[in-house]
Amino acid sequence: MQKRILDILQNTQKVIIGKERVTKLLLTALLADGHVLLEDVPGTGKTRLAKALAASLGIEFGRIQFTPDMLPADITGLHIYDRESGKFVLNKGPVFTNILLADEINRATPRTQAGLLECKERQVTIDGKTQKLEPPFFVVATENPVETAGTFPLPEAQMDRFLMKLSMGLPTREEEVQILDTYMTEDPLKKLTAVMDQETLERMQKEAMEVYVHPTVRGYLADLSAATRSSDQTVMGVSPRGTIALMRASRAWAYLEGRSFVTPDDVKAVAGPVMAHRVVLSYGQNRYADALRLIEEILNTVPAPTEDFSIA
C-alpha cells in the first residue's frame with residue numbers, strides 16, 4: 001500500500017505545489033473516515049486540493065457554494081411529483097457523492113449548517129425519511145477567516161464534527177514561481193488521472209483503523225485531552241469524542257508512515273489539527289493560531305511514554 005499512498009501524494013502535488021503536509025493530513029482524515037475544515041483566504045488552493053484528491057482516487061466529486069439564502073433541501077434534495085409515474089420521486093442533492101466540497105460554509109444560516117451536520121453523520125433526512133450516504137463520504141468544508149459580514153460562525157457542536165481543521169497558508173517565493181511554471185501552458189488538473197480505485201480506498205480505510213494502539217499510548221491520548229480541560233487558558237477543552245478523533249487520526253498517520261502501531265510521534269504529528277479547533281480559549285478572540293500554540297505547549301509539557309509500542 002505504501003506505493004499507492006506515494007502515488008496519491010505525488011499525483012496531488014502535480015496540482016498543489018509545496019503543500020505536502022496539508023495534503024498528507026487531508027489523506028489522513030480520509031483514511032480515518034473523518035471530515036476536514038479548511039480555513040484560509042481565497043485563492044490558496046482549497047478547492048483545487050479537494051478536486052485533485054478526488055481525481056487521484058477516481059471517485060465522485062460534488063460541490064456546494066453556500067449562500068445566506070440556501071435551504072437544507074438545496075443540500076440534501078427533495079421529493080418532486082413526477083406526472084408520468086404519478087409518484088413523488090427523490091431528486092438527490094449534491095451530498096450524494098464521495099468527496100463533497102462545502103465552499104464557504106460559514107455563509108450559510110445555522111439552519112442550513114445543521115442540515116450539513118446530519119450529512120457528516122453519513123445520513124440525511126428528506127421529508128421524514130432517512131437516506132444513507134454510500135461510503136466513502138468525505139466532507140471538505142472551507143471558510144474565509146477574514147470576512148465577517150454576512151457570515152454565521154460555526155457553533156462548537158459543528159466544529160467538533162470535523163476531524164481536523166487545516167490551513168493551506170500562502171506559498172513561499174520559490175513555490176509561487178513553481179506554481180507559475182506549472183500553470184504556464186495548461187491546467188494540470190485537467191490531465192490528472194486516477195491512481196487508485198474506490199475498492200482499494202475502502203480497504204485502506206479498514207486497514208488504517210486496525211493499526212495497533214498500545215495501552216500507554218491510549219493513556220497519553222487521555223492525558224493530552226485532560227491537559228486541555230485543566231488549562232487556565234481554556235473555558236472548554238477537548239471532549240471524549242475529540243480524544244477518539246485523535247486516536248483515529250494517529251492510526252491513519254501511522255498507517256501512512258508504513259507502521260502497524262501508533263507511536264507518540266504519530267500523535268504529535270496530528271494533535272494540532274485535531275485538537276486546536278475543539279478548545280475554547282478563556283481570553284480575547286478565539287483565534288485558531290492561539291489554540292495551535294496552546295496545543296504545542298501541552299505537547300511539550302505532557303510527558304510522552306517511551307515503551308515499546310508494537311504488539312506484544
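**View 1. Strand β1 (residues 36-39) and strand β9 run parallel and are joined by 3 bridges.** This is a predicted model, in which local features need pLDDT of at least 70 and side-chain atom pairs count only at pLDDT 80 or more, while totals for chains, interfaces and linings use all residues. Residues are numbered from 1 along each chain as its sequence is written, and side-chain values use heavy atoms, with hydrogens and water left out. Strands are DSSP runs (E, at least two residues), numbered from the N terminus, and two strands pair if DSSP finds at least two bridges between them. Leu38 stands opposite Leu166 in β9.

**View 2. An open sheet of 5 strands shows parallel pairing in the order β2-β5-β8-β1-β9.** The edges are β2 (61-65) and β9, each with a single partner strand, so one side of each has no neighbour in the sheet. On average, neighbouring strands of this sheet are turned by 20° against each other, direction ignored; the axes are lines fitted to C-alpha atoms, and angles run from 0 to 180 degrees between N-to-C directions.

**View 3. Lys165 belongs to strand β9 (residues 164-166).** With 7% relative accessibility, Lys165 counts as buried (buried means under 20% relative accessible area, exposed over 50%, partly exposed in between; 1.4 Å probe, protein chains only). Apart from neighbours within four places in sequence, the contacts of Lys165 (heavy atoms within 4.5 Å) include Leu37, Glu39, Glu143 and Tyr288.

**View 4. Strand β3 (residues 77-82) and β4 form an antiparallel pair with 6 bridges.** Their hairpin has 4 residues between the strands, and Gly86 takes a positive phi near 70°. Of the 6 residues of β4 (residues 87-92), the number buried is 0, so this strand lies largely in the open. Tyr81 stands opposite Phe88 in β4.

**View 5. The whole structure holds 1 aromatic pair.** The ring centres of Tyr81 and Phe88 are 5.3 Å apart and the planes are at 65°, so the pair is edge-to-face. Rings of Phe, Tyr and Trp (its six-membered ring) pair if their centres lie within 6.5 Å; planes under 30 degrees apart count as stacked, over 60 as edge-to-face and the rest as tilted. Tyr81 is partly exposed at 45%, whereas Phe88 counts as exposed at 58%.

**View 6. Strand β6 (residues 123-126) and strand β7 (residues 129-132) run antiparallel, joined by 4 bridges.** Thr125 stands opposite Thr130 in β7. This hairpin has 2 residues between the strands, and Asp127 takes a positive phi near 55°.
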